[in-house]
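User: Hi! Could you walk me through this model? I have a few quick questions.

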Amino acid sequence: MPSTATSNPTIRSVAIVGAGTIGASWAALFLAQGLDVVVCDPSPDAESQTRARVDAAWPVLAELGRVVQGASSDALRFDPDLSTALAGVDFVQENAPEREDFKTDLFARIDAILPPHVIVASSSSGLIMSRLQSRCRHAARFVIGHPFNPPHLIPLVEVVGGDQTSADTIDRSIAFYRAMGKYPIRLNKEVPGHIANRLQAALWREAIHLAAENVASVADIDAAVSQGPGLRWALFGPHMTFNLGGGAGGLANFMDHLLGPVQTWWDDLGAPQVTPELQRRLIEGVNAEAGQRGIAELVEKRDAQLTALLKTLGGQPPSP
């Protein structure tokens, strides 16, 4: 992984606005890449919780070779005041609550503080940047930089601008994330939920439908993904996977032979109404799947297996 000192010399200090799970994970990654990081969050528990999460992430980052020489978690500092926290920073990663009104107001406040060249990237999982930047004088520097949880491990970052976002902002953001060892993808247009969340929402909708129709247990529906196509999806996306499924003839051959049957499956997909009763069944099902394992234990297992998978894949995301 390239050192930030050579790959992105203009960004040395990052502000994390809004801590929580995503903010802390971003902080761990940026610190591991040798940046100075300031976290701004008014919660009285933000500092202790963020430091604990960074400490937990650090050994994993080191195991993956993502801690550059000289990097230290001691470069992390906290400031609950937005104005002083943003003083002198080169980049802002915002992780505030997923509410359009809240973020729109926050962006206007951030915009009034920062010099125009500082990029403000939002971790929003599905909001439209054109609306969020609507009250900003320097709207050109606002962009979506949506990670996948946990950001310090999963490479993907979805980068999409709003109506007023400049091409330079998008290019600089992609370059920065790539320098951090991430795999940024560029969206050509805004859609609610971006790309990855829409894809997983579509899959979850059908998984809920199958559970509602009692086709199988929640645990077995989950296994149908994790023990089957999910393993292939760690290597290739759906289009390339089906390209391989077509043999020597590739996707054209696959579509010639299987598009008809697949179309009948699409026609039969469900659109479940998630009633309180169905919610209860899903919660009971996932609790049964978890057994005696609590959330902390499941997260630890997830991160350990993600680490092993990333090491198997070479430890670094492929070059775009």
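User: In which sense do strands E6 and E7 pair, and over how many bridges?

Analyst: Strand E6 (residues 142–147) pairs with E7 in the antiparallel sense, over 5 bridges. Pairing here requires that DSSP finds at least two bridges between two strands. Helices (H or I, at least four residues) and strands (E, at least two) are DSSP runs, numbered from the N terminus. Before we go on: this is a predicted model, where local features need pLDDT of at least 70, side-chain atom pairs count only at pLDDT 80 or more, and totals for chains, interfaces and linings use all residues. Residues are numbered from 1 along each chain as its sequence is written, and side-chain values use heavy atoms, with hydrogens and water left out.

User: Thanks! What is the bridge partner of Ile144 in E7?

Analyst: Ile144 has Val160 as its bridge partner there.

User: And how many bridges join E7 to strand E8?

Analyst: E7 and strand E8 (residues 183–186) are joined by 4 bridges, and these two run parallel. Arg186 in E8 stands opposite Val159.

User: Why is E7 described as largely enclosed?

Analyst: Because 6 of the 6 residues in E7 (residues 156–161) are buried, the strand is largely enclosed by the rest of the structure. Buried means under 20% relative accessible area, exposed is over 50%, and partly exposed is in between (1.4 Å probe, protein chains only).

User: Which residues of E7 point which way?

Analyst: Leu156, Glu158 and Val160 point one way, while Val157, Val159 and Gly161 point the other way. Both sets are buried.

User: Switching topic: in what sense do E1 and E2 pair?

Analyst: Strand E1 (residues 13–17) pairs with E2 in the parallel sense, over 5 bridges. Val17 stands opposite Cys40 in E2. Strand E2 (residues 36–40) is mostly covered, with 4 of its 5 residues buried.

User: What does Ala85 touch?

Analyst: Leaving aside residues up to four places away in sequence, Ala85 touches Ala15, Val38, Cys40, Arg77 and Asp79. Contact means heavy atoms within 4.5 Å. Ala85 is in helix H4 (residues 82–85).

User: Is Ala85 buried or exposed? And what separates its C-alpha atom from that of Val17?

Analyst: Ala85 counts as buried, because its relative accessibility is 1%. The C-alpha atoms of Ala85 and Val17 are separated by 8.8 Å, with the two residues 68 apart along the chain.

User: Now helix H8. Where does Arg198 lie, and what does it touch?

Analyst: Arg198 lies in helix H8, which covers residues 196–212. Not counting residues up to four places away in sequence, Arg198 touches Val191, Pro192 and Gly193. A polar atom of the Arg198 side chain lies 3.0 Å from the backbone oxygen of Pro192.

User: Why is Arg198 called partly exposed?

Analyst: Because its relative accessible area is 45%, Arg198 falls in the partly exposed class.

User: What about His209, buried or exposed?

Analyst: His209, also found in helix H8, counts as buried because its relative accessibility is 17%. His209 touches Asp268, Gly270 and Pro272, again not counting residues up to four places away in sequence.

User: Last one: which residues form the nonpolar patch on the surface?

Analyst: Leu235, Phe236, Met240, Leu244, Leu309 and Leu313 form the patch, with about 540 Å² of accessible area together. Accessible areas come from the Shrake-Rupley method with a 1.4 Å probe; for residues, only the protein chains shown count as cover. Patches are made of residues with over 30% relative accessible area and no salt bridge: like charges are joined within 9 Å, and nonpolar side chains (Val, Leu, Ile, Met, Phe, Trp, Tyr) within 5 Å. A salt bridge is a side-chain nitrogen of Lys or Arg within 4 Å of a carboxyl oxygen of Asp or Glu.

Terms used
Polar contact = N/O pair within 3.5 Å; in protein donor to acceptor, adjacent residues only side chain to side chain.
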